[in-house]
Amino acid sequence: MNDATGDLPLDPSTLDLEWHRVCSVREIEDEEPFFDKVGGRSLMVVRQGARIAVFDDRCPHLGASMMGAMVEDGQVECPLHGASFDASSGTVLDGPTTQDLVCHPTQIVDAQVEVGLPRPGSSS
Ligand code: FES
């Protein structure tokens, strides 16, 4: 379960989102997470072929950065204690946590990855 929303997948049309450019699709190596700070949040972008997902850069186990995470066989693994998550949805698969990664609505516009974050002051 996603601790930010309670359900996956998110329906962006029901949320009051502000879209932010994160990076170019070309900047993300396949299965090599890309990290950046956007809209005041630290984010991790994971690409597996044509599938791109954007998560908070925060492992739900102890809140550590996922910097150094391994991505393999559709899973992303925290470098600290090995929790593994579905690389598309953030659903926890194994390890010392029962919480999912926070996954954000994502869109590709003109080969740019955009993330939908709650508009400041909105309740979503
Ligand atoms: S901080 Fe990620 S598994 Fe412990």
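Read along the sequence, what pattern does the protein chain follow? Colour by secondary structure and you can trace β-β-β-β-β-β-β-β-β-β-β. That comes to 0 helices and 11 strands, where helices (H or I, at least four residues) and strands (E, at least two) are DSSP runs, numbered from the N terminus.

Two notes before going on. Residues are numbered from 1 along each chain as its sequence is written. You are looking at a predicted model, in which local features need pLDDT of at least 70, side-chain atom pairs count only at pLDDT 80 or more, and totals for chains, interfaces and linings use all residues.

**Stop 1: confidence**

Now colour by pLDDT, the predictor's confidence in each residue, from 0 to 100. The protein chain averages 89, and 87% of the residues score at least 70. Then select residues 1-8: here the pLDDT is below 50, and the stretch has 16 contacts in the model beyond near neighbours in sequence. (Two residues are in contact if their C-beta atoms, placed from the backbone, lie within 7 Å.) Where pLDDT is low, the predicted coordinates should not be read in detail.

**Stop 2: an open sheet**

Select β1, β11 and β10. These 3 strands form an open sheet in the order β1-β11-β10, with antiparallel pairing; two strands pair if DSSP finds at least two bridges between them. Its edge strands are β1 (17-24) and β10 (106-109), each pairing on one side only. On average, neighbouring strands of this sheet are turned by 35 degrees against each other, direction ignored; the axes behind that angle are lines fitted to C-alpha atoms.

Zoom in on β10 and β11 (residues 112-118): 4 bridges join this antiparallel pair. To see one, pick Ile 108, whose bridge partner in β11 is Val 113.

**Stop 3: two hairpins**

Next, show β2 (residues 34-38) and β3 (residues 41-48), which run antiparallel and are joined by 5 bridges. Val 38 stands opposite Arg 41 in β3. This hairpin has 2 residues between the strands, and Gly 39 takes a positive phi near 55 degrees.

Carry on to β4 (residues 51-56), which pairs with β3 in the antiparallel sense over 6 bridges. Look for Val 45, standing opposite Val 54 in β4. The hairpin of β3 and β4 also has 2 residues between the strands, with Gly 49 at a positive phi near 65 degrees.

**Stop 4: the core**

Of the 124 residues of the protein chain, 27% count as buried. Select Leu 43, Val 45, Val 54 and Phe 55: of the 22 residues in the largest nonpolar core, these touch the most other members. (Such a core is a set of buried Ala, Val, Leu, Ile, Met, Phe, Trp, Tyr and Cys residues joined through C-beta atoms within 7 Å.) At least two residues of this core come from each of β1, β3, β4 and β11, and β3 supplies the largest share, 4 residues.

Finish on Val 54. Leaving aside neighbours within four places in sequence, its contacts include Val 22, His 104 and Val 115.

Conventions: Buried ≥ 20, exposed ≤ 12 C-beta atoms within 10 Å, placed from the backbone. Axes fitted to C-alpha atoms, helices over the stretch in contact; angles between N-to-C directions.
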